[in-house]
Amino acid sequence: MSKPSDFDVIVIGGGPAGMMAAGRAAGRGKSVLLLDTNEILGRKLLISGKGRCNLTNAGNIDEYLENFDKTGPFLRDAFSRMPHNDLMDFFEKRGIALTVERGRRVFPESGRSKDILEALKRHLKESGVKVILKSEVKDIAINSDGAKKVILDGGAEYAARSVAICTGGLSYPETGSRGFGFRMAEKLGHTVIAPRPALVPLVTESRLPRTWQGISLKNAEAAVISEGRKKAERFGDMLFTHFGLSGPIILDLSSRVHDFLIRRKDVYISINLKPALDKARLNERLIREFSGHSGKALKKVLKKILPLKMIDGFIKLCGLDPDVKANQVTKSQRQCLIEKLTDLRFKIKAVRPIEEAIVTKGGVDTKEINPRTMESRLVKGLFFAGEVIDVNAKTGGYNMQAAFSTGYVCGDSL
Ligand SMILES: Cc1cc2nc3c(=O)[nH]c(=O)nc-3n(C[C@H](O)[C@H](O)[C@H](O)COP(=O)(O)OP(=O)(O)OC[C@H]3O[C@@H](n4cnc5c(N)ncnc54)[C@H](O)[C@@H]3O)c2cc1C
C-alpha cells in the first residue's frame, strides 16, 4: 500500500461538479487532488446536448425553480452564488463564445462540448489542481479526529481533511457514474432517496411507434393522461423510436409518467400533432385540402399535414385505406382523423432503464446537506456536489447549471 499523500482537499469525480469544485478550491489556495475513474475528464459532459453541451439556461431564478423537481429550492443559494450569467462569464473569459438558443438554452457557439471541457481543464491547470485519472475510488475512511483517507481500487491511499463526492448518479454508467456516491453516502450514515430514472424515454404498449421509428415531430404537444385527466403537458420536439417515444418533451414528461406507473395506474401520452389549430380550424383545413384534391388518394393529400412515413399507419388508425380518394372520406371518418391528429394516444407500459436516463432522480437527501456550503450536516469535512444530490430538472441546461453551481459553492467552502 502506498504511503498516504496529503492534500487539503480531495475531489472524487471529474464531471462538471467536480471540476468546478476542484478549480474553485485550488483558486482559493488549497492543495487539491481530483480523482476520476476514467482515462479522461468530463466524459458525460462531452456527450451532453448531443455533443453540443447545453451548459446552462439563461432564464431567471423563478423559471429555474419551476423546472426543478420538488427539491429545487435547496439550490436557491447555489444559483444565487453562481448564477447562469456568472457561469457564462466564466467560459467567455476563457475564450469560449456562447450562444443562446430557443428556450434560452445556452451552448458553445462552436457547437462542440469539447471546447467547454478544454476551458475547464485549463482552469484546473491554472489553479494548480493535481489530476489523477484512471483512479477508481473504492472507499473513504474517516479517523476519529476527522481526517479522511480515500482508498483507490489498486490500493493507493490519499489523505485529506476534506473530501467532496462529485460522482454523479447512475445514468449512462459507461461515462463513469455508477452509483459510488450513493453507496458511500449511505455507508457514512446518510439517507439516499431511492435513485430512479428521470428524463428517460417511454415504452408504449402499441408497436405503431416502432413503424415510425426515426420520425421526429417539431412543435408537437404531448400530455400525460391518467385517471381520465390531463396531468401535465409540454410543447416542442419529440421522436418515435423502436420501443416507443423519446425526444425533449417526452423526456420532460417522463417523471410524471413514471409516478403513475409506480402507483400501478394506467397512464397515456396524448400527442397533439397540430397544436396551432383547434378542431374547428383543423376541420376547415381538411375540408379545403380534400375538396382541392378530391380525386387524389388520401395518403397523397395528407402529405401537407403529416410526415410522409407516418401517413399510412396513421390513416389505418381510422380504419381507412390509404389509397381511398379524398372525396370518398365521410364526415365521421374525417372526424376520426381530426381526433387522431389532436389526440394520438399511446398507453405507456414502462420507462426505459436508468442506464438510458439523462439524469438520475433521487440521491443524497438534501436535508442532510447544508445548501450554503454543500457540506454534509452529518460528517464534518465531507461535501457533495452535482447529480449525486437529490436534485433534478427538466431539459434545457438546468441540470448542468446545478452541477456547476453546487460545485462552485462546494469549492468555495472546502
Ligand atoms: C446523454 C446525456 C446528455 C445530457 N445533456 C445535457 C445537457 O445538454 N444539458 C444539461 O444540463 N444536462 C445534460 N445532461 C445531464 C448532465 O450531463 C449531468 O447532470 C451532469 O453531467 C452531472 O454532473 P456531475 O459532475 O454531477 O456528474 P457526472 O458528469 O456524471 O460526473 C461524475 C464523474 O465522477 C466520476 N466517478 C464516478 N464514480 C467514481 C469513483 N468511484 N472514483 C472516481 N471517479 C468516479 C465519473 O467517472 C464521472 O467523470 C446529459 C446527460 C446525458 C447522459
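Two strands count as paired if DSSP finds at least two bridges between them. Helices (H or I, at least four residues) and strands (E, at least two) are DSSP runs, numbered from the N terminus. What you're looking at is a predicted model, where local features need pLDDT of at least 70, side-chain atom pairs count only at pLDDT 80 or more, and totals for chains, interfaces and linings use all residues. Residues are numbered from 1 along each chain as its sequence is written.

**View A. A three-stranded open sheet, in the order β3-β5-β4.**
The pairing here is antiparallel. In general, strands of a sheet pair through backbone hydrogen bonds, either parallel or antiparallel. β3 (56–57) and β4 (98–101) sit at the edges with a single partner strand each, so one side of each has no neighbour in the sheet. Follow β5 (residues 105–108): β3 pairs with β5 over two bridges, and β4 pairs with β5 over four bridges. Now find Arg105 in β5. Arg105 is the bridge partner of Asn57, and Arg105 is also the bridge partner of Glu101. β4 and β5 make a hairpin with three residues between them, and Gly103 in that turn has a positive phi of about 75 degrees.

**View B. Another hairpin, built from β7 and β8.**
Strand β7 (residues 137–142) and strand β8 (residues 148–152) pair in the antiparallel sense over five bridges. Look for Ile140, which stands opposite Val150 in β8. Five residues lie between the two strands, and Gly146 takes a positive phi near 95 degrees.

**View C. Six strands closed into a barrel.**
On average, neighbouring strands are turned by 45 degrees against each other, direction ignored. (Axes are lines fitted to C-alpha atoms, for helices over the stretch in contact, and angles run from 0 to 180 degrees between N-to-C directions.) Strand β11 (residues 202–204) and strand β16 (residues 344–351) pair over three bridges in the antiparallel sense, and Leu202 stands opposite Val351 in β16. Helix α9 (residues 248–262) packs on this sheet and touches β11, β12 (216–226), β13 (229–240), β14 (244–246), β15 (267–272) and β16. The direction of α9 makes about 140 degrees with that of β13. (Residues are in contact if their C-beta atoms, placed from the backbone, lie within 7 Å.)

**View D. Helix α1 (residues 16–27) packed with helix α14 (residues 398–413).**
Two packed helices are described by the angle between their axes and the distance between the axes. For α1 and α14 the angle is about 30 degrees and the axes are 7 Å apart. That makes α1 roughly parallel to α14. (Angles under 35 degrees count as roughly parallel, over 145 as roughly antiparallel, 65 to 115 as roughly perpendicular and the rest as oblique.) The crossing is right-handed. (A crossing is left-handed if the near helix is turned anticlockwise from the far one by less than a right angle, and right-handed if clockwise.) Among the contact residues are Pro16 and Met20 of α1, and Phe404 and Tyr408 of α14. The contact divides into 11 nonpolar, five polar and two charged residues. (Ala, Val, Leu, Ile, Met, Phe, Trp, Tyr, Cys and Pro count as nonpolar, Asp, Glu, Lys and Arg as charged, and the others, Gly among them, as polar.)

**View E. Helix α1 again, this time with helix α6 (residues 113–127).**
These two pack at about 25 degrees, with axes 8 Å apart. α1 and α6 are therefore roughly parallel to each other, and their crossing is left-handed. On the α1 side look for Met19, Ala22, Gly23, Ala26 and Gly27, which meet Leu120, His123, Leu124 and Ser127 in α6. By class, that gives five nonpolar, four polar and no charged residues.

**View F. Helix α10 (residues 279–292) packed with helix α13 (residues 331–342).**
Here the angle is about 125 degrees and the axes are 10 Å apart, which means that α10 is oblique to α13. α10 passes α13 in a right-handed crossing. Lys279, Leu282, Asn283 and Leu286 of α10 make the contact with Arg334, Leu337, Ile338, Leu341 and Thr342 of α13.

**View G. The shell around the ligand, with 40 residues.**
The closest are Gly13, Gly15, Gly168, Gly176 and Gly386. (A residue is near a molecule if its C-beta atom, placed from the backbone, lies within 6 Å of it.) α1, α2 (43–51) and α14 each give two or more residues to the shell, and α2 gives the most, with six.

How values were computed
Contact = placed C-beta atoms within 7 Å.
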